[in-house]
Amino acid sequence: MAELPEPVQNLVNAFARLPGIGPKTASRLTFYLLRASEDVSRQLADALVILKNGTSLCKVCFNITLANQEQCEICANPRRDESLLCVVEEPLDVLALERTGVFEGRYAVLHGVMSPIEGIGPDDLKIRPLLERVRSGSVREVILATNPSMEGDATALYLRQQILPMGVKVTRLARGLPVGGDLEYADQNTLMRALSGRQDMG
Ligand SMILES: [Zn+2]
């Protein structure tokens, strides 16, 4: 098979590194962009640059926020209940829970889960700042909303162990979320039920 010209192969490789995109889809996207008007690639290229330059992590909860903002909108909102802290894996989980419109507390985003197989421990996640936050005193209940996967459960158990001795209530989202499924893909009703039926881990 003849080799692709380098600029083409470069983009195929870049796409293929993304989650959920195999070599076939990577080629299809690349050849689509080759054919499409320059506008399409220009818009994509600009959006990619702005994505990194225009965003940062909230200093409090580590949710995604605009680059010039110290805190995300949720942390900066004085009406949000700071005694209720919901711990999630990814910023997309915050979005999913916010869509339910029923949660009035605040969040802590871990940016992943503990996974001994992949060598990911507590220090590779935003766990230390979370524990500091709980220790600082204003939190009354921590809701562990990591995904119902093996890693998500293990991370929740680890956090429970760390937080219970601080005298803070620890709860876990109710079952009913598909096992191994992602919070971000759960529908609003399922999430609302999981939230209201959360179980005490104490
Ligand atoms: Zn925040």
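**Words and the numbers behind them**

Me: Happy to start! What kind of model is this, and how are its residues numbered?
Reply: It is a predicted model, in which local features need pLDDT of at least 70 and side-chain atom pairs count only at pLDDT 80 or more, while totals for chains, interfaces and linings use all residues. Residues are numbered from 1 along each chain as its sequence is written, and side-chain values use heavy atoms, with hydrogens and water left out.

Me: Which residues are the protein donors of the zinc ion?
Reply: Donors are N, O and S atoms within 2.8 Å of the metal (3.2 Å for Na, K and Ca), and water is not among the atoms, so sites may look incomplete. The SG atoms of Cys-58, Cys-61, Cys-72 and Cys-75 lie 2.2 to 2.3 Å from the zinc ion. Along the chain, the spacing of these donors is C-x2-C-x10-C-x2-C.

Me: Why is the arrangement around the zinc ion called tetrahedral?
Reply: Four donors count as tetrahedral if all angles lie between 85 and 135 degrees. Around the zinc ion the four donor atoms subtend angles of 104 to 117°, so the arrangement is tetrahedral. For comparison, the ideal angle for four tetrahedral donors is 109.5 degrees.

Me: How many disulfides are there?
Reply: A disulfide is a pair of cysteine sulfur atoms within 2.5 Å. By this rule, the count is zero.

Me: What makes Cys-58 and Cys-61 buried or exposed?
Reply: Buried means under 20% relative accessible area, exposed over 50%, and partly exposed in between (1.4 Å probe, protein chains only). Cys-58 has 0%, so Cys-58 is buried. Cys-61 has 2%, so Cys-61 is buried too. In the chain of 202 residues, 39% are buried.

Me: Why is strand β3 described as largely enclosed?
Reply: Strands (E, at least two residues) and helices (H or I, at least four) are DSSP runs, numbered from the N terminus. In β3, residues 84–88, five of the five residues are buried, so the strand is largely enclosed by the rest of the structure. Leu-84, Cys-86 and Val-88 point one way, Leu-85 and Val-87 the other, and all are buried. Val-88, for one, has 0% relative accessibility, so Val-88 counts as buried.

Me: How do you know which strands pair with β3?
Reply: Two strands pair if DSSP finds at least two bridges between them. Four bridges join β3 to β5 (residues 141–144), and these strands run parallel. Four bridges also join β3 to β4 (residues 106–109), again parallel. Val-87 has Leu-144 as its bridge partner in β5, and Val-88 stands opposite Val-109 in β4.

Me: What makes the aromatic pair stacked, tilted or edge-to-face?
Reply: Rings of Phe, Tyr and Trp (its six-membered ring) pair if their centres lie within 6.5 Å; planes under 30 degrees apart count as stacked, over 60 as edge-to-face and the rest as tilted. The structure holds one such pair. The ring centres of Phe-103 and Tyr-107 are 5.2 Å apart and their planes are at 55°, so the pair is tilted. Phe-103 and Tyr-107 are both buried.

Notes: Four donors count as tetrahedral if all angles lie between 85 and 135 degrees; four count as square planar and six as octahedral if opposite donors are over 155 degrees apart and all others between 65 and 115; anything else is irregular.
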